[in-house]
Every structure is written in C-alpha cells, then in structure tokens.
Amino acid sequence: MTIHCCSNIAFIPNDIWEAITIKVATDSIRSLCSLRMTCKAAHDAGEADIVHRSVSIPPPHATPWWWCLKPEAKRFFDRCMAAGNPELLFREALRELFIRRNENIGIQMLNSATSTGHAAAKYALSMMLMLRTDDNVEKQKGLELYRELDAAGLVAGSNARCFSILTISWPSEVQMPRIEEQHTVCAAPRCSPRGHMPLLYDYRRRAAERNSVHAFGRAAHIPCIQCRADYDLQAFVNLP
Ligand SMILES: [Zn+2]
C-alpha cells in the first residue's frame, strides 16, 4: 500500500496511528515492517516503546536463521527487550534461570512477563516458586498461580511452550533444577495419591516412548490440585 501525500490518511492523529500500529504489531513483525514502510506517520508511530512491547515474537522454529546476523534485527529485538516485551522477557528469563543460573534475575523477569498476562511465564514462575523449600509463602504463591493456570486450562499448553523454547533455542546448554522429596507440594496426610506423582510421571514417559495411549492425560484424573502440581513439577524439571 502506498499512501499519497494528499490522502486524508496523512491527517490521522498520532495517537490513532499508534493504536493502529500496536494492533498490526500484535499480528507479526513482518506486518509491522510493511505498515511502517507505508508513510512517515506510520514509521514514526512504530518507534513507540509500546509498539516494541506489543509486537508478536515468532516461535523459535519460525524465526528466520539469518535474523541473528543482521545488526538492524538485533537492534530491534534489543529495543523490544528494553521496552519489556513479555515473550522476550519470558525467553530471557529461561536463559537466566537454566543456563546462566541467575535465579533472582530470572524470577524478576518472569514476574514482569506474568504481570502482562503471559501464561507460559506464569507457569514457569509457579514452578520455580513451588520448588522453593526455604520460603513457604513463596511456595504457596507458586501453588496459587498454578491453581489459576489449571482453572483456565493453560497448564499443558504452557508446559509445551517452555519445552519448545528450551529444546529448540539451547538444546545442550540447559540445566534444570533437581527435584527431591522435600519439594513435594501436597502436604495433606490423608491424600492417597500423595508422593506417587514421580511414579505416575515415569509411567507416562515410558508410555510415550512406546507411543502408547497411556502417555496422555498427565495427572488430570487426580482430584488433589497439590498432587497435580507435584506431577507438573516432575514434568517441568524433566523438560529438555
Ligand atoms: Zn494430594
């Protein structure tokens, strides 16, 4: 689309251009670039921090490999990161947590991404908090986040998102946290599945290796939410 200099579109106020540009940016980077090439007003609107924060980042398998070689692409992603793009914050948080081992920075980034409604960041945050053995308040906060994801049906999808980032982006560098008996979330003495989630997880994993239907279902049939959280902790630390 080419905008004629005398077209009425040239007189659209800046805030409307910004709103249009944000909408287009949430579709894809390509759509944003196409819009910014149409006229100066669209180009200028695309400079806003909120546009960089809102732009849709493609999954690793759909990202052209040559982007990492282009200085302008690196500058663009650096600006998105500085503007607080939740998807980039989420990915960088995984890198800080499981490659650089900077737990505090990683948790901080997950908190920022979670505050914008990023489900996979919320999932990773809930897992990291539930792995805490030194702070029961934080562990309970992790369980609360997990409960919200579970109620919204977002647990399995969020787990898959973490898997795709960790295995495609840095397949051999990731070191996940170790999980011990003291990490068990379910503390209900009368809960019958309590303590059996590692066995259930192993059963599902072996079934997956045989392409058996028993690989499916995770811990969805377990009524205790804390035991379901324990199952997901197993699934999380065994991601890559
Ligand atoms: Zn339980």
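User: Which word, buried or exposed, describes Phe98 and Phe236?

Analyst: Both Phe98 and Phe236 are buried, a word that stands for under 20% relative accessible area, while exposed means over 50% and partly exposed lies in between, with a 1.4 Å probe and protein chains only. This is a predicted model, in which local features need pLDDT of at least 70 and side-chain atom pairs count only at pLDDT 80 or more, while totals for chains, interfaces and linings use all residues. Residues are numbered from 1 along each chain as its sequence is written, and side-chain values use heavy atoms, with hydrogens and water left out.

User: What makes the pair of Phe98 and Phe236 edge-to-face?

Analyst: Rings of Phe, Tyr and Trp (its six-membered ring) pair if their centres lie within 6.5 Å, and their planes count as stacked under 30 degrees apart, as edge-to-face over 60 and as tilted for the rest. A search of the whole structure finds five aromatic pairs. In one of them, the rings of Phe98 and Phe236 have centres 5.8 Å apart and planes at 70°, so the pair is edge-to-face. Phe98 lies in helix α6 (residues 86–98) and Phe236 in helix α12, so the pair ties together parts that are 138 residues apart in sequence; helices here are DSSP runs of H or I with at least four residues, and strands are runs of E with at least two, numbered from the N terminus.

User: Why are the rings of Tyr201 and Tyr231 called edge-to-face?

Analyst: Their centres are 5.8 Å apart and their planes stand at 65°, so this pair, too, is edge-to-face. Tyr201 is buried at a relative accessible area of 10%, and Tyr231 is buried at 4%.

User: Why is the arrangement around the zinc ion called tetrahedral?

Analyst: Donors are N, O and S atoms within 2.8 Å of the metal (3.2 Å for Na, K and Ca), and since water is not among the atoms, sites may look incomplete. The SG atoms of Cys186, Cys191, Cys224 and Cys227 lie 2.3 Å from the zinc ion and are its protein donors. Four donors count as tetrahedral if all angles lie between 85 and 135 degrees, and here the angles are 100 to 114°, so the arrangement is tetrahedral.

User: How do you know that Cys80 is too far from Cys33 for a bond?

Analyst: A disulfide is a pair of cysteine sulfur atoms within 2.5 Å, whereas the sulfur of Cys80 is 10 Å from the closest cysteine sulfur, in Cys33, and therefore too far for a bond. The structure holds zero disulfides.

Definitions and conventions: Four donors count as tetrahedral if all angles lie between 85 and 135 degrees; four count as square planar and six as octahedral if opposite donors are over 155 degrees apart and all others between 65 and 115; anything else is irregular.
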